[in-house]
Amino acid sequence: TRRMQRLVEDLLTLSRLESVSNPVREEPVNVPELARALHEDAQALSAGRHRIRLDIGFEEGLVGSEDELRSAFSNLISNAIRYTPEGGEVAISWRRRDGQAVFSVRDSGIGISPEHIPRLTERFYRVDRSRSRETGGTGLGLAIVKHVLNRHQGQLEVASEAGRGSTFSAVFPESRLCAVQQGFEERAR
């Protein structure tokens with residue numbers, strides 16, 4: 001029943017993201033603070049089975065929907081934990097690259113063969129169907145990520161090698177950046 005509930009919730013989320021009558025909320029989002037909260041969530045999800053690192057490279061935020069960005073970033077982090085064996089490492093970072101803002105999740109997990117990468121954001125696409133029940137996902141997480149990023153003029157970059165881990169990066173244009181102001185942290189809570 002829990003799996004079915006997660007599936008229905010993810011389908012409803014996708015439906016909301018795809019709806020033309022649901023524009024993106026344009027509000028300042030304190031991404032460094034959000035990343036710190038997601039780092040704590042990741043440690044709880046991992047329950048000590050992984051080394052989880054956080055690297056905040058700059059203190060700017062994004063203009064957009066905090067709930068949508070939280071959902072996308074959380075999906076990337078939970079996937080990294082889910083597909084990384086015990087004792088592995090997951091590194092979360094928020095950095096600037098060539099003027100763009102990049103939220104990345106790198107893991108030392110099982111990795112993905114190149115032929116699968118173009119299809120990862122398709123609904124219900126599985127690299128290894130035999131692992132789907134074991135990992136507990138709905139098969140919709142990366143589709144949700146793709147839609148959230150599209151709504152924020154962002155894109156998903158995937159770098160992976162089978163057996164060597166993966167890096168999933170949410171890349172946002174400079175036009176989405178905003179300064180983190182005093183008192184901003186209180187409003188984000």
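Helices and strands are DSSP runs, numbered from the N terminus, with at least four residues (H or I) for a helix and at least two (E) for a strand. The views below are taken from a predicted model.

**View 1. Helix α2 and its two ends.** Helix α2 spans residues 31–46, and its 16 residues reach 22 Å from the first C-alpha to the last, close to the 22 Å expected at 1.5 Å a residue. At the start of the helix, a side-chain oxygen of asparagine 30 comes to within 3.0 Å of the backbone nitrogen of glutamate 33. Just after α2, alanine 47 has a positive phi of about 55°.

View 2. Val31, Pro32, Leu34, Ala35, Leu38, His39, Ala42 and Ser46 are buried in α2. They cover an arc of only 145° around the axis, which puts them on the same side of the helix. An α-helix has 3.6 residues a turn, so residues three or four places apart point the same way. Glu40 and Ala44, on the other side of α2, are exposed. The elements against which the buried residues of α2 pack are β1 (27–29), β2 (51–56), β3 (61–64), α3 (66–82), β4 (89–97) and β5 (100–107).

**View 3. Leucine 69 in helix α3.** Leucine 69 is part of helix α3. This residue counts as buried because its relative accessibility is 0%, where the cut-off for buried is under 20%. Leaving aside neighbours within four places in sequence, leucine 69 is in contact with Val29, Leu34, Leu62, Val148, His152 and Phe172. Leu34 is also one of the buried residues of α2. Between the C-alpha atoms of leucine 69 and valine 31 the separation is 8.7 Å, although the two residues are 38 residues apart along the chain.

**View 4. Strand β4 with its partners β2 and β5.** Strands β2 and β4 run parallel and are joined by six bridges. Within this pair, isoleucine 56 has tryptophan 94 of β4 as its bridge partner. The pairing of β4 with β5 is antiparallel and extends over eight bridges. Here isoleucine 92 stands opposite valine 105 of β5. Two residues lie between β4 and β5 in their hairpin, and aspartate 98 in the turn has a positive phi of about 50°.

**View 5. The hairpin of strands β6 and β7.** Strand β6 (residues 155–161) and strand β7 (residues 165–172) run antiparallel, joined by seven bridges. Alanine 159 has threonine 167 in β7 as its bridge partner. Three residues lie between the strands of this hairpin, in which glycine 163 takes a positive phi near 80°.

Key. Residues numbered from 1 in each chain as written. Predicted model: local features only at pLDDT ≥ 70, side-chain atom pairs only at ≥ 80, totals over all residues. Heavy atoms only, no water. Pairing = 2+ DSSP bridges. Expected span 1.5 Å × (residues − 1). Buried < 20%, exposed > 50% of the residue type's maximum accessible area, 1.4 Å probe, protein only. Arc of directions from axis to C-beta. Contact = heavy atoms within 4.5 Å. Polar contact = N/O pair within 3.5 Å; in protein donor to acceptor, adjacent residues only side chain to side chain.
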